[in-house]
Amino acid sequence: MIQFEEKKGFICDMDGVIYHGNKILPGVAEFIDWLHREKKEFLFLTNNSGSTPKELQQKLARMGLDVPEKHFYTSALATAAFLKEQAPGCSVYAIGEAGLLNALYDAGITMNDVNPDYVVMGEGKAYSLDTLTKATNLVMKGAKLIGANSDLSGPIENGIAPACRALVAPIEMATGTQAYFCGKPNPLMMRTGLRLLNCHSSEAVMVGDRMDTDIISGMESGMSTILVLSGVSNRDTLRTYAYRPTMVLDGVGDIVKQAQLQKKAAPAKA
């Protein structure tokens with residue numbers, strides 16, 4: 001059980017937790033209202049590299065949710081931060097959308113399709129046999145292979161879509177090279193999230209719909225964890241993993257209900 005009154009910060013995944021595609025999930029508005037009302041620090045930490053924080057803020061606004069841009073952190077930003085730390089001023093051949101490209105530019109990283117230091121892969125419609133072939137040959141020539149995240153798939157309105165790990169896999173198989181992934185469950189991204197929240201791990205909760213990225217990253221960072229069943233996981237999913245979340249809930253709206261029940265019960269315990 002998580003004592004929500006004692007927790008200062010919440011790190012939440014987005015796809016499958018806040019929305020599916022362009023459809024807001026039940027209980028999300030109540031959850032965000034509760035975060036504001038209880039003065040909880042919160043961060044939407046998404047492995048989706050395609051959108052910028054501003055675009056994510058505007059996407060939620062179109063769904064009727066007012067969440068300032070400062071509350072978003074993406075695997076694209078984590079990837080750019082990693083490369084800036086590892087090789088300042090490096091060049092990359094990047095396959096991805098505006099979120100990834102803007103993050104790389106903002107970190108002082110340049111584009112290079114001739115002899116880049118890195119091949120960087122994110123999700124995006126620019127992915128094609130031509131770009132895949134280009135990336136494969138650049139890796140064969142010595143470019144290091146980076147993936148924005150290790151998600152195999154992501155939930156959309158009508159099912160799932162292949163995500164970054166699935167898109168990187170052909171390059172790994174063709175070259176015999178293993179990619180390094182910067183998004184969840186990489187602890188570098190989780191530590192950044194906690195720092196942005198100004199929270200110790202024991203004061204924070206990780207909320208997500210995936211055991212292999214959200215729950216394991218929260219658990220290994222020392223956070224309480226909540227698996228919500230509004231995305232790709234169901235109760236049968238739990239049986240395939242040797243670790244468990246702290247709580248399993250149907251959706252984020254249940255966090256509010258649990259917190260309210262705890263608050264009502266608190267005087268009786270006293």
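Is Lys 263 buried, partly exposed or exposed, and what is its relative accessibility? At 43% relative accessibility, Lys 263 is partly exposed (buried means under 20% relative accessible area, exposed over 50%, partly exposed in between, with a 1.4 Å probe and protein chains only).

The model is predicted: local features need pLDDT of at least 70, side-chain atom pairs count only at pLDDT 80 or more, and totals for chains, interfaces and linings use all residues. Residues are numbered from 1 along each chain as its sequence is written, and side-chain values use heavy atoms, with hydrogens and water left out.

**View 1. Glu 38 and Lys 263 form a salt bridge.** A salt bridge is a side-chain nitrogen of Lys or Arg within 4 Å of a carboxyl oxygen of Asp or Glu; here the closest N and O atoms are 3.2 Å apart. Glu 38 sits in the loop between helix H1 (28-37) and strand S4 (41-46), and Lys 263 in helix H9 (residues 253-269), 225 residues apart. Helices (H or I, at least four residues) and strands (E, at least two) are DSSP runs, numbered from the N terminus. Glu 38 is partly exposed, at 24% relative accessibility.

**View 2. Lys 8 pairs with Glu 203 in a salt bridge.** Their closest N and O atoms are 3.1 Å apart. Lys 8 lies in the segment before strand S1 (9-12) and Glu 203 in the loop between helix H7 (187-197) and strand S13 (204-208), so the pair ties together parts 195 residues apart in sequence.

**View 3. Asp 13 and Lys 184 meet in a salt bridge.** The N to O distance is 3.0 Å. Asp 13 is buried at 5% relative accessibility, and Lys 184 is buried at 1%. Asp 13, Lys 184 and Asp 214 are linked in a network of salt bridges.
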